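Q: Please take a close look at one part of this model and walk me through it. Start with how it packs, then place it in its surroundings. Keep it brisk.

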Amino acid sequence: MKNRLRVLRAERQWSQQDLADRLDVSRQSVNAIETGKYDPSLPLAFRIADVFALTIEDIFLRDPEEQAAQ
Amino acid sequence: MTDTWITRRGPGFWIGLIAALVAAVAVLAVSEAINSTTAIILMAGTGGLLFPLMRSGERCEERSGSSSPAIRRYNRGMLAASLAYILGMGIAVLLTNAMGLEGNILWLIAFLPVAPIFAMIWVMTRYIIDEEDEYLRHLAVMANMGGLALLMGLASLWGFFEEFELVSHAPGWLSVPVWALGMGLTRWWMTRSIRPEGDKQ
């Protein structure tokens, strides 16, 4: 699943560690989510949305192919 | 944790050094250049290198941003179990050689190195239960699956090769090192592209 985490983080001038501290997760977790290697659980996705004061849909984007298949 | 000459060397250095020393002791023991008692003492000495390996590993985890309280408890638990394994194996071999034990007592002696293996399994289970970081927990579960896949694949393959008398018998205690190797390789594969230092952007 694609996401806008890197852009949102850059806009706020946060390092991966800054975001990890706000989410209470490891920096490796932020890296894995940001690079699309790992899709967070729903509770973590809500926490990410809360940190950026956005909705989950504003941060996580469905793959166009997946969306077309539905 | 401050950088020292121990932590500046990566875990790979310490794993390589331990493997080289264990191989050297094994060669000396098999070629009967040293007796089994000397071999056990040398192996126990090599076990002391697990301390710098753990410190180096923890420094590496901090650098890569994958450290957590649960991981630190896991590292200490695994270190204690590994040392108990070396100690248990040493006592078992020394007692058997020195006293020429026979009969039911051998069941107890054989259990000495096995109990720490059960402890390792318990430490791993505890880690998966205690780890609050879902990605790190995911990594641990996937690494365990990798270890299990390698163990089941190799054991089945070797078992059938043995059935058809193509290879010699492999001892069952090799299962734990094979499982650990599979776990290590899987974890390396999954985290190989993660940058070691914090991304500032």
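A: Helices α4(B) and α5(B) are roughly antiparallel to each other, because their angle falls in the range over 145 degrees. This is a predicted model. The angle itself is about 165°, and the axes lie 11 Å apart. The crossing of α4(B) and α5(B) is right-handed.

Which residues make that contact? From α4(B) come B:Leu50, B:Met54, B:Gly57, B:Glu58 and B:Glu61. From α5(B) come B:Ile71, B:Arg72, B:Asn75, B:Leu79, B:Ser82 and B:Leu83. Sorted by class, the contact of α4(B) with α5(B) holds 5 nonpolar, 3 polar and 3 charged residues.

Now α4(B) on its own. The helix covers residues 50-63 of chain B, 14 residues in all. At 1.5 Å a residue it should span 20 Å. Its end C-alpha atoms are 20 Å apart, so the span agrees with that expectation. The buried residues of α4(B) are B:Leu53, B:Ser56, B:Gly57, B:Arg59 and B:Glu61. B:Gly57 and B:Glu61 are on that buried list, and they also belong to the contact with α5(B). B:Leu53 is buried too. After the helix comes B:Gly65, with a positive phi near 70°.

Positive phi turns up at other places in chain B, in residues that are not glycine. One is B:Glu32, with phi about 60°. B:Glu32 sits in the loop between α2 (11-30) and α3 (36-47) of chain B. It counts as exposed because it has 8 C-beta neighbours inside 10 Å, and the limit for exposed is 12 or fewer. Another is B:Glu165, also not a glycine, with a positive phi of about 55°. B:Glu165 lies in the loop between α7 and α8 (175-191) of chain B. With 7 other C-beta atoms within 10 Å, B:Glu165 is exposed.

Helix α6 (residues 105-130) and helix α7 (residues 134-163) of chain B cross at roughly 145°, and their axes come within 9 Å. Here the crossing is left-handed, whereas α4(B) and α5(B) cross right-handed. B:Met124, B:Tyr127 and B:Ile128 of α6(B) meet B:Arg137, B:Ala140, B:Val141 and B:Asn144 of α7(B). This contact has 5 nonpolar, 1 polar and 1 charged residues.

Step back to the chain. Chain B has 8 helices and 0 strands. Its C-alpha atoms fill a box of roughly 65 × 40 × 30 Å along the principal axes. Of its 201 residues, 17% count as buried. Among contacts in chain B with a separation of 6 or more, residues 24 or more positions apart account for 74%.

Chain B also touches chain A. Each side is counted separately: 15 residues from chain A and 15 residues from chain B. On the side of chain A, α2 (16-23) and α3 (27-34) are the elements that give two or more residues. By class, the side of chain A that touches chain B divides into 6 nonpolar, 8 polar and 1 charged.

Conventions: Residues are numbered from 1 along each chain as its sequence is written. Chains are lettered from A and ligands numbered from 1 in the order in which they are written. This is a predicted model: local features need pLDDT of at least 70, side-chain atom pairs count only at pLDDT 80 or more; totals for chains, interfaces and linings use all residues. Helices (H or I, at least four residues) and strands (E, at least two) are DSSP runs, numbered from the N terminus. The expected span of a helix is 1.5 Å times one less than its number of residues. A residue is buried if 20 or more other C-beta atoms lie within 10 Å of its own, exposed if 12 or fewer, and partly exposed in between; C-beta atoms are placed from the backbone. Axes are lines fitted to C-alpha atoms, for helices over the stretch in contact, and angles run from 0 to 180 degrees between N-to-C directions. Angles under 35 degrees count as roughly parallel, over 145 as roughly antiparallel, 65 to 115 as roughly perpendicular and the rest as oblique. A crossing is left-handed if the near helix is turned anticlockwise from the far one by less than a right angle, and right-handed if clockwise. Two residues are in contact if their C-beta atoms, placed from the backbone, lie within 7 Å. Ala, Val, Leu, Ile, Met, Phe, Trp, Tyr, Cys and Pro count as nonpolar, Asp, Glu, Lys and Arg as charged, and the others, Gly among them, as polar.
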